[in-house]
Amino acid sequence: MAETQRTAPEGDAVLTRIGQAVMLHRGGDREEARNRLALLWRELGRDGAPFHRCALAHYMADTQDDPDDELIWDLLALGAADGLTGGRGADTGAGERRPGADEVRALYPSLHLNLAVDYVKLGREDAARGQLALARASAGALGEDPHGDGVRAAIARLGLRLEGAA
């Protein structure tokens, strides 16, 4: 979710901690990354800023060993993103800047793609196709940048894979 770097205000301690955990995960320490993200999730609680919860759940999903757990976290990320479109105002409630509408829309292709991949792992191809359709439909919100190109390419690859499975 490279969007976190683009939409994060300077000095956002929560996003800094998420980024540190992501670096651990990418460096091969999946368990420690998962532990740090779980601690931060408990600290944020149910009333934490939706953008923080979205980013954290998105990355927490990647640290899971069980595909069912990965699906749960990806669903939590999507639910938190949906919370960003609610009427809470321009502030997240903790002084952090709320991402703009275009930035929020740009989260959805990746969120739906991840859910599609989860459903493939669980052998639920119809659900995967539904999420892939949502990812494709929302892909216009992606930027013309390496992140957007990567998400679009992953959507295309998964589409080919699912078409071959049909």
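Colleague: Is K121 buried, exposed or partly exposed, and what are the cut-offs?
Modeller: K121 is partly exposed, at 47% relative accessibility. Buried means under 20% relative accessible area, exposed over 50%, and partly exposed in between, with a 1.4 Å probe and protein chains only. This is a predicted model: local features need pLDDT of at least 70, side-chain atom pairs count only at pLDDT 80 or more, and totals for chains, interfaces and linings use all residues. Residues are numbered from 1 along each chain as its sequence is written, and side-chain values use heavy atoms, leaving out hydrogens and water.

Colleague: What does K121 form a salt bridge with?
Modeller: E70, with the closest N and O atoms 2.8 Å apart. A salt bridge here is a side-chain nitrogen of Lys or Arg within 4 Å of a carboxyl oxygen of Asp or Glu. K121 lies in helix α7 (residues 108-121) and E70 in helix α5 (residues 67-84), so the pair ties together parts 51 residues apart in sequence. Helices are DSSP runs of H or I, at least four residues, numbered from the N terminus.

Colleague: And is E70 buried or exposed?
Modeller: E70 is buried, at 11% relative accessible area.

Colleague: Switching to R36, which residue does R36 pair with?
Modeller: E32, at 2.9 Å between the closest N and O atoms. Both sit in helix α3 (residues 30-44), 4 residues apart, so about one helical turn separates them. R36 is partly exposed at 40%, and E32 is partly exposed at 28%.

Colleague: How many salt bridges by that rule?
Modeller: The count comes to 10. R30, R34 and D65 are linked in a network of them.

Conventions. Helix = DSSP H or I, 4+ residues; strand = E, 2+ residues; numbered from the N terminus.
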